[in-house]
Number of protein chains: 2
Amino acid sequence: MILKSTCLDENSLLLEETLYHVANGYLGVRGNFEEKLPLSRSVRGFYLNGFYDTVELQYPEKLFGFPENVQRMINLPDVQTMRIYFDGEALDPLGAPLVEYYRTLDTADGLAKRTIKYSHSGGIITLCFTRMASFVRPELFLTLVKIEGTNVSGFLEIHAGVDSNVRNYSNPDDPRVAAEAISHIVPGDVTLLDDGGIVSFSTTKSELHASIVQRFSGNFDSLDIRRNDGGFSAVLSHKLSAGESLSLAKFTVISDSRHVSDPAANAIAIAEKCVLAGKDKIIAEQRQYLERFRAAAMPEISGCPDIERALDFNIFSLLQSTARDGVSALASKGISGEGYEGHYFWDTETYCFPFFLFTQPETAKSLLEFRYNTLSSAREHAKILGHTKGALFPWRTISGSECSSYFPSGSAQYHINGDIAHSFAQYWYATGDMDFMASKGAEVLVETARLWLEVGHFAADGLFHIHTVTGPDEYTCLINNNYYTNRCAEANLRSAAVLCTELWEKNLSDKVVSATGVTRKEVELFIKAANSMYFPYDEKLDIHAQDDSFLSKKLWDLSSTPKENFPLLLHYHPLFLYRHQVCKQADTVLSHFLFEDGITESTMRNSFDYYEKITTHDSSLSRCVFSIMAARLGMTDKAYDYYMDTLYTDLENTHGNTKDGLHTANLGGSWLALVMGFAGLRLKADGLHFAPHLPSKWESVSFKLCFRGRILSVCLYAEKMVFSLLSGDSFRIFVDGQSYLLETQLTV
Amino acid sequence: MILKSTCLDENSLLLEETLYHVANGYLGVRGNFEEKLPLSRSVRGFYLNGFYDTVELQYPEKLFGFPENVQRMINLPDVQTMRIYFDGEALDPLGAPLVEYYRTLDTADGLAKRTIKYSHSGGIITLCFTRMASFVRPELFLTLVKIEGTNVSGFLEIHAGVDSNVRNYSNPDDPRVAAEAISHIVPGDVTLLDDGGIVSFSTTKSELHASIVQRFSGNFDSLDIRRNDGGFSAVLSHKLSAGESLSLAKFTVISDSRHVSDPAANAIAIAEKCVLAGKDKIIAEQRQYLERFRAAAMPEISGCPDIERALDFNIFSLLQSTARDGVSALASKGISGEGYEGHYFWDTETYCFPFFLFTQPETAKSLLEFRYNTLSSAREHAKILGHTKGALFPWRTISGSECSSYFPSGSAQYHINGDIAHSFAQYWYATGDMDFMASKGAEVLVETARLWLEVGHFAADGLFHIHTVTGPDEYTCLINNNYYTNRCAEANLRSAAVLCTELWEKNLSDKVVSATGVTRKEVELFIKAANSMYFPYDEKLDIHAQDDSFLSKKLWDLSSTPKENFPLLLHYHPLFLYRHQVCKQADTVLSHFLFEDGITESTMRNSFDYYEKITTHDSSLSRCVFSIMAARLGMTDKAYDYYMDTLYTDLENTHGNTKDGLHTANLGGSWLALVMGFAGLRLKADGLHFAPHLPSKWESVSFKLCFRGRILSVCLYAEKMVFSLLSGDSFRIFVDGQSYLLETQLTV
């Protein structure tokens with residue numbers, strides 16, 4: 001897929017900086033212009049996934065347990081800038097009418113290219129920039145520049161280098177980005193090389209270190225490297241003859257102290273290998289890598305190239321966003337911008353994890369490792385919230401501790417424990433990886449399960465109630481018995497109990513028992529609480545109530561709300577929102593997708609209809625779920641419409657804030673809604689279940705799935721589903737509730 | 001009453017700075033040592049009631065409608081300091097063992113005195129400081145100093161003056177005081193006088209101005225006045241012979257731009273009058289003023305001098321705290337410290353207002369004027385919270401706009417509207433002042449009443465429900481149908497309706513109709529909502545539920561909570577508190593006191609018993625209410641115990657934070673619990689109702705009341721009540737539900 005823009009529209013530049021960013025799960029570089037645009041037109045950003053500084057929070061009224069320090073993904077030294085002078089005059093893309101301009105992003109090779117042509121002294125100067133974040137060499141950000149003169153000659157000078165004088169982006173009036181712009185970089189050693197330099201730096205408070213090596217190669221006449229304040233400048237000079245071209249490769253390699261003890265040495269070594277390999281090899285590797293990825297991960301929608309292209313962009317972006325190192329994870333904005341300060345939310349598990357689970361199980365495992373590695377922080381967090389045992393994963397975090405400073409729609413979202421537990425259980429069902437579950441998964445399941453016993457209680461009616469939490473819908477906070485939360489809790493308690501029982505049976509329980517002290521008696525309590533879980537249900541409406549009091553609130557009339565008042569959170573006081581029946585996003589409807597067993601068709605349908613009327617989809621986590629459930633309920637056209645909204649959220653900037661970064665949950669949702677919506681895939685303890693609902697506009701959809709060591713392809717037509725087992729042993733699958741044996745091929 | 005301390009205990013100094021403060025409703029000076037103690041031992045404070053600066057708030061996550069600017073009562077230039085040197089050596093009260101030390105506060109003349117004796121060269125130097133905030137001349141803070149040498153002579157030098165280099169107190173870890181220490185003073189003109197100086201200054205942002213004139217008189221040998229940075233220094237020199245004494249009077253007069261257009265000229269003129277009047281006359285005036293006040297306001301408890309003394313302190317402190325100018329009001333800490341940043345809360349109306357209503361109706365009226373004057377801010381506030389009409393008084397304020405930055409226990413406390421409306425209705429019942437009600441009261445009652453129609457709604461059961469508010473108990477936030485709030489709302493709606501109807505009948509409705517546009521149809525809706533108000537009630541327990549879900553929460557076991565974990569708000573996350581049945585203070589119990597009509601004895605008693613077990617009284621607004629309701633229910637011994645706790649809250653620093661200022665609500669509560677508790681006074685539309693419950697330890701209690709132009713005295717004995725009409729026409733009163741005509745004297 002090639003994303004292309006042919007118009008240099010100043011008002012679209014911030015958006016394009018996100019869309020044309022390049023990232024590889026480790027590093028991310030916004031699609032900034034090398035020439036450096038004015039601050040109002042650009043958020044210049046270079047990030048490492050999960051490379052953070054600590055920021056002290058000031059509260060006007062600080063109550064007990066409010067986080068004092070939070071993490072923020074920081075903007076790293078500027079490695080992008082290349083100011084280009086021709087005969088002493090700066091070539092400024094916003095300063096003069098251009099002869100031609102276009103930029104592209106190609107998902108086949110992961111290259112972002114930009115071409116710009118200036119008219120000069122009767123001739124034309126053509127600049128081509130190519131950028132790449134290497135998937136094969138995650139520390140490498142490669143920039144290629146080619147400058148040609150047509151009927152013009154002159155003296156070229158390119159000012160480049162590494163500049164440590166950078167700040168993070170901020171907006172005090174938008175709760176979704178940082179409130180204050182400060183620099184997080186403490187410059188360290190600078191070493192000059194013949195062809196570049198080495199710049200080391202630290203964070204101001206989090207005690208992380210990193211080193212950047214930047215080296216230049218090409219046919220320039222001369223290169224002058226000079227040290228400056230915390231970085232270096234490189235001036236490349238070249239006498240350009242008419243018809244000749246200057247070609248330049250800039251290898252920027254970064255390494256950090258979370259991964260190696262000597263980032264400088266590591267960066268130097270990697271940079272050396274990169275320079276030796278050369279740009280052509282590096283680009284070829286990248287193409288190969290992406291070919292393999294696409295073969296495993298990219299669905300096909302026959303006869304719909306536009307839709308395929310959008311999906312391709314989304315899935316490629318998801319890959320760009322996701323760490324594979326267990327040290328970092330998948331931020332809600334990926335590595336494409338500073339929205340939500342680079343924090344990890346439940347978006348990772350609930351919206352993106354399934355894609356990796358079924359296409360790159362190792363990446364899925366790595367995401368779980370990240371949670372496992374932060375379990376001690378989650379235990380601390382539970383203590384801060386008053387609990388004597390168990391773990392509570394933070395609502396938003398980088399290093400593992402809670403970074404939400406507004407707990408009603410932060411720490412109160414206890415459901416994140418259930419979401420994470422669910423992803424561990426799903427991993428177990430999909431991979432059967434008992435080693436991992438015994439050594440790590442069980443500990444997470446037990447610590448999250450036992451927290452529900454702390455949060456909830458057996459009430460006078462003998463049922464298990466969970467009070468004072470917030471569900472996914474942040475327009476309704478601090479309520480009792482959020483249906484979604486209670487379902488998550490039930491599943492969490494049950495999967496912990498089932499896993500522990502199996503570990504005891506198989507004599508694999510040593511690790512979890514020593515780590516958690518879990519006993520058979522406690523597991524019985526898990527089961528009792530799960531069996532006694534209370535679920536708010538309205539008999540008259542035959543719907544699940546979002547919580548105990550939701551249905552008794554005033555209904556919000558969305559049809560008479562002025563368009564400019566969306567998203568509501570930016571136009572109404574939370575008290576006003578909380579007092580009404582109005583939902584930011586799928587809540588009960590999401591639970592009907594994730595936990596469908598035992599729910600009647602009519603309750604699902606009535607709930608869908610009821611909540612659809614009062615859901616604003618102000619969150620990008622909503623429409624994909626409505627698409628899935630609409631498909632599930634046979635409303636395929638509606639599902640299709642929601643799906644289109646999902647597909648184009650970032651490409652068409654429908655939420656208006658893609659400039660702050662991609663909506664990764666929605667990216668994951670665009671795979672989910674295809675596979676779990678139209679193909680109706682559900683992963684349960686007994687295997688894969690399908691319930692197909694192909695949109696009438698489509699001929700067929702096909703995709704591949706990894707499942708317990710197998711690879712299968714699924715092809716969905718109007719009248720049939722065709723399953724092919726590409727590798728691995730035959731097994732039973734379920735289609736519309738009916739079990740089938742899949743040997744090599746199966747048509748249902 | 002004389003408060004006395006004979007021990008200079010460094011750990012008690014901060015507490016004593018509050019207890020020995022002098023104030024007159026306009027200005028307040030903490031009981032600091034003139035000699036200036038180290039910062040850790042002292043919060044040096046000079047304040048004007050409601051003289052504030054604007055402070056910009058920074059939120060880590062700012063949602064729509066969060067206040068951007070709040071007000072803070074500011075610490076004014078230091079006018080207290082007098083460093084005293086004897087033969088060049090500073091006399092430092094903490095630096096040397098003292099021969100004698102004591103300090104006193106006398107409620108008969110409002111003088112705070114401090115005597116300190118140093119041993120020096122075989123002799124003794126005696127320093128006596130006397131301080132007074134004049135009730136007759138509110139702009140005057142007077143300090144007298146007398147220094148004597150016994151068997152010692154030497155050279156005295158006193159360094160005094162006005163110092164503008166001051167800051168406010170702060171503690172980032174205590175939500176009850178300001179988070180950051182900043183200076184709010186912008187120095188202005190300084191003019192030197194022969195006997196002192198004039199210092200003008202402004203606030204940094206709120207554009208308020210004030211001028212201080214300080215003049216010295218006495219038998220000192222010489223006085224040297226010098227200008228310094230934003231103020232002036234005065235050095236008084238005197239050769240002290242053995243046996244001789246130096247007497248010095250320092251007249252500090254302050255005037256501010258809220259009251260006069262030229263504060264400097266005003267302060268100069270007043271200072272001139274003060275100096276001419278001289279200290280003796282000023283002290284005599286003060287004594288006379290307080291005699292009159294005490295005669296009208298001070299109850300007598302026969303045979304209990306200690307209890308009388310404590311009550312005397314409380315009532316005197318209440319007088320010191322309360323403005324009489326309609327421009328400012330009564331802060332939760334009075335003018336004695338910086339706790340809660342000098343803000344006005346509902347404490348004023350619900351806890352202190354009745355005292356003034358029955359003893360100084362003009363002061364009560366002035367407090368209502370303050371609310372009336374801020375009605376436009378309350379209308380703005382309602383808009384911010386999403387309402388299309390009506391007014392919502394801020395939870396905490398100085399100038400009228402909301403200063404709470406944590407809305408769950410701030411703006412969500414809509415009951416403040418009902419509390420304020422209740423005080424207007426009570427004023428109406430107690431004074432019959434129809435002019436005031438027609439010109440101002442009705443506007444407040446209508447604007448507050450109509451807000452309930454905005455906040456609440458008629459639900460499916462046909463009843464009027466009020467969702468997502470917080471009641472008085474801040475350990476339970478954002479709940480539905482808080483019983484207390486719904487009662488307040490009902491009373492508010494009803495009193496607005498009754499008043500409007502009466503104004504229409506009497507042709508007095510022009511003002512309220514033009515100001516609010518209220519119609520008969522809207523008033524009908526007020527009545528309909530009041531008549532349909534829903535009140536949560538638990539049949540099995542026969543109690544009113546604090547809110548819809550309160551009784552279904554986990555019970556907090558207070559008996560097993562470690563003592564050091566109180567107050568709970570400093571030791572538990574709000575989520576944990578909100579999830580439990582635990583109350584910071586009287587909530588439902590308070591409503592049974594304020595709105596008793598139609599509640600059965602058994603419901604009151606059961607509710608009292610139920611909530612008593614789970615109430616921590618972490619708020620100082622609680623015990624007096626439990627005392628009142630215990631008396632109401634005939635548990636006189638229990639009422640007495642709660643009353644003792646109430647009386648000594650500040651004197652014995654039982655909440656541990658009297659250093660930050662007095663608990664004025666509790667001061668008011670100590671009068672309330674006597675008059676409304678033991679004497680059982682209730683003010684209703686039909687007049688005064690009494691229901692006596694004299695504690696067995698007391699012989700009798702007597703107090704005076706103003707009521708509709710009358711003054712009556714009430715004397716309560718074990719077996720009888722004696723009422724005397726001291727002035728005004730005969731009228732009917734109610735005792736234990738029975739109506740009696742009071743002509744001159746009545747024994748029941």
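**Two chains, their interface and some local features**

P567(A) sits in the loop that runs between β25 (554–555) and α12 (574–578) of chain A; helices (H or I, at least four residues) and strands (E, at least two) are DSSP runs, numbered from the N terminus. The structure is a predicted model, in which local features need pLDDT of at least 70 and side-chain atom pairs count only at pLDDT 80 or more, while totals for chains, interfaces and linings use all residues. Residues are numbered from 1 along each chain as its sequence is written, chains are lettered from A and ligands numbered from 1 in the order in which they are written, and side-chain values use heavy atoms, with hydrogens and water left out.

The peptide bond that leads from F566(A) into P567(A) is cis, with omega near -5°. In chain B, F566(B) and P567(B) are likewise joined by a cis peptide bond, here with omega about -10°, and P567(B) is found in the loop between β25 (554–555) and α12 of chain B. With a relative accessibility of 6%, L478(B) counts as buried (buried means under 20% relative accessible area, exposed over 50%, and partly exposed in between, with a 1.4 Å probe and protein chains only). D736(B), also not a glycine, has a positive phi of about 50° and is placed in the loop between β32 (731–735) and β33 (738–742) of chain B. D736(B) is exposed, its relative accessible area being 57%. As background, most residues other than glycine have a negative phi, and most peptide bonds are trans.

Turning to the two chains together, a rotation of 180° with 0.0 Å of shift along its axis superposes chain B on chain A, with an RMSD of 0.0 Å; copies are superposed by least squares on the C-alpha atoms of residues with pLDDT of at least 70 in both. This is the relation of a two-fold axis. Within chain B, the C-alpha nearest the axis belongs to Y59(B), at 3.0 Å from it. Both copies use the same surface, as 100% of the contact residues of chain B recur in chain A.

At the interface, 51 residues of chain B are in contact with 51 residues of chain A, where contact means heavy atoms within 4.5 Å. Between them the chains bury about 4,600 Å², 60% of it on carbon and sulfur atoms; buried area is the accessible area (1.4 Å probe) that two parts lose on being put together, summed over both. E61(B), H573(B) and R579(B) supply 15% of the area that chain B buries against chain A, more than any other three residues.

The rule finds two salt bridges across it, a salt bridge being a side-chain nitrogen of Lys or Arg within 4 Å of a carboxyl oxygen of Asp or Glu. R396(A) forms a salt bridge with E61(B), and their closest N and O atoms are 3.7 Å apart. The elements that give two or more residues to the side of chain B that touches chain A are α8 (434–455), β21 (456–458) and α12 (574–578) of chain B. The largest share of that side, four residues, comes from α12(B).

Among the strands of chain A, β5 (residues 52–56) and β6(A) pair in the antiparallel sense over five bridges; two strands pair if DSSP finds at least two bridges between them. D53(A) stands opposite R72(A) in β6(A). Four of the five residues of β6 (residues 69–73) of chain A are buried, so this strand is largely enclosed by the rest of the structure. H120(A), in strand β10 (residues 111–120) of chain A, is buried as well, with a relative accessible area of 12%. Leaving aside neighbours within four places in sequence, H120(A) is in contact with F86(A), E89(A), I125(A) and V152(A).

Chain B has an open sheet of five strands in the order β20-β29-β30-β31-β34, with antiparallel pairing. β20 (300–301) and β34 (745–747) of chain B stand at the edges with a single partner strand each, so one side of each is left without a neighbour in the sheet. For β34(B), antiparallel pairing with β31 (residues 721–727) of chain B runs over three bridges, and L746(B) in β34(B) is the bridge partner of F723(B).
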